[in-house]
Amino acid sequence: MIEVSREFKQAVYAPIRKTAAKVVFAILDNGAYGDATPSATSNASISRILQLTDKKREMSHKYGTFERDYFKLDGSFRIPPKPTELESDLGWWSGEICGAGGVFANPQTVTLDFSEGHNSIGLTIIFDTLANEYAVDFDIFVYRANDELIASKEVVDNNSSSYVWINGLDDYNKVVVTIKKWVRPYRRARIVEVDFGAFQEYAGDKLIKVNLIEQMNVVGDTLPANEIKFVIDNSSKEFNILNPQGFYRFLKERQEVSLSIGVEIEDDIFEYVNMLGYYLVDWQSDEGALTTTLTARNIFDLLDKEYSQGTVTNLYELTEDVLLKANVPNYFIHPSLRDYTTSGFPDKVTYRKALQCIGIASKSALYQSRDAKFIIEPFVVLDENTSYINFAGPDMFTGMVTPTVYSGYDMKNITFDNVYKEPQINLDKLIQTLVMVVHSNGTKTEYAFHNEGVKEGATLKCDNPLINSLSHATEIAKWIIVESNLRALYQVNWRQNPALECGDIVFIEDSFGAQKQSRITKQEYEFAGFLSGKTESKGGV
Amino acid sequence: MIKIDGKEIPSPSDYQVGIMDISKAERNARGDMIIERITTKRKIELGWKHLSKSDLQTVMNAVSPVFFKVEYIDPLNSVKKTGTFYAGDRNVGALDYINGDIRWKDIKFSVIEK
């Protein structure tokens with residue numbers, strides 16, 4: 001569950017509530033980031049100019065330097081990191097300091113050179129958003145090969161720490177940003193990121209409808225990808241194919257998309273829950289309507305490519321090898337995966353299939369978190385963190401003491417108060433026999449495991465090349481049988497709560513007062529002026 | 001009193017502002033009402049007992065676009081507010097017709113926030 005404020009918790013299940021949604025999607029030339037070689041007229045000793053194109057759009061912290069009247073001792077600043085502290089993001093800091101009027105005696109120039117031509121809908125320059133400092137007067141020059149100037153922009157009186165220049169740029173090889181004046185005197189110029197394109201935000205009247213599906217498969221033969229589908233107002237014809245000024249020619253696959261769903265916590269103040277890490281896969285202008293429909297899926301959708309395995313000794317190393325080769329840099333692998341020794345896959349598999357096999361072989365959940373991190377951790381660990389019975393109840397105030405208890409108690413209780421119809425409960429098929437295939441030294445041996453006390457039921461076969469011993473097969477078989485016995489499938493149409501995630505253990509109220517726990521396996525959100533949706537969960541009978 | 005697309009129109013003799021809550025209301029499984037508030041909009045009913053031909057033309061032309069900006073006095077805090085509106089059906093009555101000259105009375109219509 002996403003941690004949210006107390007006000008959010010009250011507002012999300014209030015009898016009258018107001019919700020909002022916004023979709024931000026990038027129209028970027030992703031190829032330009034890896035191809036850019038940045039350089040500058042001057043660099044401060046703490047400058048990290050290579051971070052200009054790392055897609056991190058905010059400094060890790062505000063860093064205190066001896067620029068006049070800058071380093072406030074209010075606890076908001078940190079000492080700049082040592083060169084060895086690589087995880088800190090600073091971007092470019094000029095070596096020179098501007099004068100009393102903010103003007104640089106020598107204009108500070110940042111140059112980005114590319115080995116090949118790139119196309120983008122414009123450029124976005126992100127200055128120091130944390131300190132809210134920025135260049136006031138600066139120039140942007142864009143060149144083709146042989147220094148042929150193709151576009152330029154003289155910016156005067158800029159008043160934002162993020163500057164967006166929308167101007168179709170085709171086949172450019174060099175970008176030069178010349179900073180002439182900074183917003184405050186006696187400062188170094190700072191640019192945290194240069195984006196090769198722009199970010200479009202759709203909310204309010206511009207966002208007609210958005211639908212999000214999040215899924216988590218426990219024991220299955222697929223690794224489902226989450227999907228966002230959104231319809232936007234295209235009355236300005238920005239997305240029409242034939243519009244020469246439109247976005248269409250710059251739309252490419254793997255553009256980043258994020259969705260935020262908010263709940264009003266005060267008059268016109270919304271607290272948003274962000275769903276990051278989606279990539280544009282499809283877009284179309286809707287015929288007969290002034291709208292465009294766009295579809296984005298998470299990283300799992302991009303993993304259907306063949307995996308070429310390196311040398312590994314355990315499931316942790318194997319997972320890391322898969323993720324790095326699949327270009328998934330943001331991940332968390334639970335250390336317990338080191339306990340499973342393996343030499344990997346004897347035959348070729350796709351990245352997606354490889355991850356799915358690893359998930360089953362380690363009894364783990366595989367999912368992308370809301371902050372776009374790929375996570376693989378055993379279900380037993382996930383359940384420890386999300387189980388309802390670990391929560392002591394809502395915060396209480398007794399006299400002068402506020403007992404520290406988890407205040408998310410009510411959030412995981414899906415009651416009739418927020419449900420339109422009584423939840424539907426179906427029973428999944430029971431497994432009577434589970435056939436485990438053990439792969440050892442190029443041979444396959446089948447072992448049958450029986451679900452005790454079950455006289456009739458289905459037979460399931462688990463053929464996973466990462467299961468190489470009878471003891472491992474027995475462990476996995478026991479787990480699959482226990483999971484399959486959790487066969488109550490709950491389906492509830494309700495108001496939805498964006499703070500709840502797949503994997504969370506919830507109580508879904510029923511008219512028999514059974515109060516059974518179940519694990520969320522699918523979340524559907526629909527926003528069309530208001531939020532509603534569907535939750536599917538799986539639990540014991 | 002009222003400006004449409006930045007131009008003052010004759011002050012109406014009848015001015016009613018309706019505050020409309022746009023909601024999706026449905027009963028929950030317990031039978032209680034739960035309301036998803038989408039937004040709140042204004043509906044302004046305007047009326048003039050009498051308008052000269054030129055004033056009527058000004059008013060009618062002002063509300064002829066599909067959407068237009070209206071600056072009006074909002075009853076919530078009695079200050080001027082601006083919003084985008086569209087016009088409902090316009091009704092105009094004839095006072096008399098003498099020597100080929102018509103005079104108009106009871107001009108009424110609503111403007112509804114987009």
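Trainee: Why is Gly117(A), at a relative accessible area of 31%, called partly exposed?

Mentor: Buried means under 20% relative accessible area, exposed means over 50%, and partly exposed is in between, with a 1.4 Å probe and protein chains only. The 31% of Gly117(A) falls in between, so partly exposed it is. Keep in mind that this is a predicted model: local features need pLDDT of at least 70, side-chain atom pairs count only at pLDDT 80 or more, and totals for chains, interfaces and linings use all residues. Residues are numbered from 1 along each chain as its sequence is written, chains are lettered from A and ligands numbered from 1 in the order in which they are written, and side-chain values use heavy atoms, with hydrogens and water left out.

Trainee: Where is Gly117(A) found, and which residues does Gly117(A) touch?

Mentor: Gly117(A) is part of strand β6 (residues 103–126) of chain A; helices (H or I, at least four residues) and strands (E, at least two) are DSSP runs, numbered from the N terminus. Leaving out residues up to four places away in sequence, Gly117(A) touches Asp171(A), Tyr172(A) and Asn173(A), where contact means heavy atoms within 4.5 Å. Asn173(A) is 56 residues away along the chain, with 5.0 Å separating its C-alpha atom from that of Gly117(A).

Trainee: What makes Asp101(B) and Lys53(B) a salt bridge?

Mentor: You need a side-chain nitrogen of Lys or Arg within 4 Å of a carboxyl oxygen of Asp or Glu. The closest N and O atoms of Asp101(B) and Lys53(B) are 2.6 Å apart, so the pair passes. It links distant parts of the chain, 48 residues apart: Asp101(B) sits in strand β8 (residues 101–113) of chain B, and Lys53(B) in helix α1 (residues 53–62) of chain B.

Trainee: Are those two partners buried, exposed or partly exposed, and how do you know?

Mentor: Asp101(B) has a relative accessible area of 33%, so this residue is partly exposed. Lys53(B) has 48%, and therefore gets that label too.

Trainee: How do you know that Lys80(B) and Glu71(B) form a salt bridge?

Mentor: Their closest N and O atoms are 3.6 Å apart, and the limit is 4 Å, so the pair counts. Lys80(B), at 44%, is partly exposed, and Glu71(B), at 24%, is partly exposed as well.

Trainee: What do we know about Arg30(B) and Glu509(A)?

Mentor: They form a salt bridge across the two chains, with the closest N and O atoms 3.0 Å apart. The count between chain A and chain B is four salt bridges.

Trainee: How many residues take part in the contact, and how much area is buried?

Mentor: Chain A gives 18 residues and chain B twelve. The area buried between the chains is about 1400 Å², with 51% of it from carbon and sulfur atoms. Buried area is the accessible area (1.4 Å probe) that two parts lose on being put together, summed over both. Asp417(A), Tyr420(A) and Phe530(A) supply 38% of what chain A buries against chain B, more than any other three residues.

Trainee: What makes β7(B) and β8(B) count as paired strands?

Mentor: Two strands pair if DSSP finds at least two bridges between them. Strand β7 (residues 91–98) of chain B and β8(B) have six, so they pair, and they run antiparallel. Tyr97(B) has Ile102(B) as its bridge partner in β8(B). The two strands form a hairpin with two residues between them, and Asn99(B) in the turn has a positive phi of about 50°.

Trainee: Which other strands pair with β8(B), and over how many bridges?

Mentor: β4(B) is joined to β8(B) by eight bridges, running antiparallel, and Leu46(B) stands opposite Phe109(B) there. Strand β6 (residues 79–87) of chain B also pairs with β8(B) in the antiparallel sense, over three bridges. In that pairing, Ala87(B) has Val111(B) as its partner in β8(B).

Trainee: How do β1(A) and β4(B) run, parallel or antiparallel?

Mentor: Strand β4 (residues 33–51) of chain B runs parallel to β1(A), joined by three bridges. Arg17(A) stands opposite Glu36(B) in β4(B).
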